[in-house]
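Please work through each task before reading its solution.

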Amino acid sequence: MKGLLQITFARGPTGDRSTSGTRAVAILVLTAIQFTSAGLAWSQEASPPPQQDSAKSVAELIAQQRATRAAMEAKLAAAIEAQVAALRAAQPANVELVMRQTLQLVRPIFQSELRLLSSAVEPTSAQRRDIALEAGRTLKLTIRSLAANDAQFLNGRTPTLIPDPRKLVRQHLEIAAWSKLSNLQSARYRNQLELKAQERREAVVLNIVANLDRHLRLDSEQREKLCESLRSHWDDRDFPSLEPSVTYDTYVPTIPDNYILPILFDDQTKVWRGLRKYHFSTVRTLNPLNTNLVFDVKDLGEDDDVKIALGEEPKK
Amino acid sequence: MNSTPPITPTVARFLFRESGYFPWPITWRTMLVLAFLLTRGGDVAQAQLGKALREAAVREAAEVAGASYDIDESMFSQWVYGAGTKVASVPEHLESTLMLAIEDIDRSCSLSEAQRRKLVLAGHGDRKRFLDRVADARRVFERLRHDPDGPTEIVKYTGPLAADYDFGLYGEGSFFAKTLATTLTPEQASRYREAQQEKLKFRYRAKVTLILASLDTYVGFTSDQSRKLGALILEETTPPRRVGGPYESEVVLVKIASLPESKLRPILDESQWKTLGAIFEKFRGMEASLRASGNLD
């Protein structure tokens, strides 16, 4: 390529505008070939030896250029292939990392949910371990799939929403327990889960109202009415879940006006309309106590069934 | 032809930005610039080009970190009033919250017209004081908005203003609160205290319920255990004096952790107690600092 440039400019710079313009166009074409394909270093490597013969036919020149270009494009294609292969090789590592981190975060939830199941239905130790193992196996598969989505996100693709981790663990335990418990045990477990769900909703409702009270100065009757309105209109899509309620406890969630306005006085309505409101449905947090304190699962006394189910050998 | 054409820092910076990492991917704009360089000088020494690019990158990084730093003017309003709030609507919001505060008192104490007027006057005093503080903070913002270390200092001014704006200007230490304390008759004051105490209890109950539900993530209470624990905590502890502080959750947790083992343990099984004990241990360690900062009575 260097040679081609020398041929083109064998007469040297004249400084005259028309010559410069022609030269610029020629250079543009040549550099386009040179740089779009594979870069300066490659172009030098692939360049033909300098041609001094100015009488060389245009056809030969074009053929030469095409050949050079083809060689460069082949190198470019190989480089792209290599890069894609490298990305593919890197992705499983991302998946493993995201999976490990996610699994670590859901361990305490898995343990507390397993405890709840144990307290509610008092399974035999064999039943408990079987349920834990089966739930752990399917949970890990699901987390791997979620981790793959996260890894895709790391690679610049659109992530899918990660579901409520507690709900996820509970679903897996419930499915695993289904075939391993008696009908009576299953009914007791389901009843307990329903009571726990109500309890969590109640915690969120009370906190929404307590927070609104600071902004709207509700009286005691209004507080009770508002609690009742939120309970009766409860919809997981409209209300925050427990974890964001702890983390963002001073934020006002978006609540449909018709749930709240009939309860408010005019002065309160005016302030309600001016409040900043936030939608929490996409917030994911796994810091249940909203503090800087970190609880190691080992300090919290992880039991052997959890260790086996989630892939860690119990202490001998 | 032997002399290497000059690559100015500007051109080199442009090339560096365009290519991201040299030598490719290179955009059409970069190719135009390269073509231009070659027409002016022909044979460009790659080594010098590379060196110029590296130097340009360093200079650019220095520029990004230094002289070019600028916080957009609109950020000040966002920090104080929140995103999406129009500054023009601020006085109206402050007036609405003042009227709401007065109506709230009126609902529990039935204020006279004279009392109401005094409270309005005091509230306007608080509003003026708040807007003066906003003006001071803006001056700090203007002084530091080009300084990379500025945000830390600016937030010291805007943070408390945002909290006051969100939760009203008429709390403890305000002209409004002082006027209220001297304006109400003893009977009105008693009714007002009662209403405030009810609010406090409601909030504490909400917080305790929330903290228990959060602890449940680690411990796995049955609904019966949660109910018994909630009743025990509300019976044995008192609400914190300061409501809605930044460490409200920690304060409630320290209060729960200070309950005697003899009362808590019978409600839980062995493994639950072990988990809860490990959590409480960490929160007990926070007690002294929470007391020292005035967050815990």
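**Exercise 1: a crossing pair**

H7(A) and H11(A) are roughly perpendicular to each other, a class that covers angles of 65 to 115 degrees. Identify the geometry and the residues behind the contact of H7(A) with H11(A).

Step 1. The axes of H7(A) (residues 183-216) and H11(A) (residues 266-274) come within 10 Å and cross at roughly 110°; axes are lines fitted to C-alpha atoms, for helices over the stretch in contact, with angles from 0 to 180 degrees between N-to-C directions.

Step 2. H7(A) contributes A:Leu212, A:His215 and A:Leu216, while H11(A) contributes A:Gln268, A:Val271 and A:Trp272; contact means heavy atoms within 4.5 Å.

Step 3. These residues comprise four nonpolar, two polar and no charged.

This is a predicted model, in which local features need pLDDT of at least 70 and side-chain atom pairs pLDDT 80 or more, whereas totals for chains, interfaces and linings use all residues. Residues are numbered from 1 along each chain as its sequence is written, chains are lettered from A and ligands numbered from 1 in the order written, and side-chain values use heavy atoms, without hydrogens and water.

**Exercise 2: a second pair**

Determine how H6(A) and H7(A) are oriented to each other.

Step 1. H6(A) (residues 165-178) packs with H7(A) at an angle of about 170°, their axes being 11 Å apart.

Step 2. H6(A) and H7(A) are therefore roughly antiparallel, the class for angles over 145 degrees.

Step 3. Residues meeting there include A:Arg166 and A:Glu174 of H6(A) and A:Tyr189 and A:Lys196 of H7(A). By class, the contact has six nonpolar, one polar and six charged residues.

Methods. Helices (H or I, at least four residues) and strands (E, at least two) are DSSP runs, numbered from the N terminus. Angles under 35 degrees count as roughly parallel, over 145 as roughly antiparallel, 65 to 115 as roughly perpendicular and the rest as oblique. Ala, Val, Leu, Ile, Met, Phe, Trp, Tyr, Cys and Pro count as nonpolar, Asp, Glu, Lys and Arg as charged, and the others, Gly among them, as polar.
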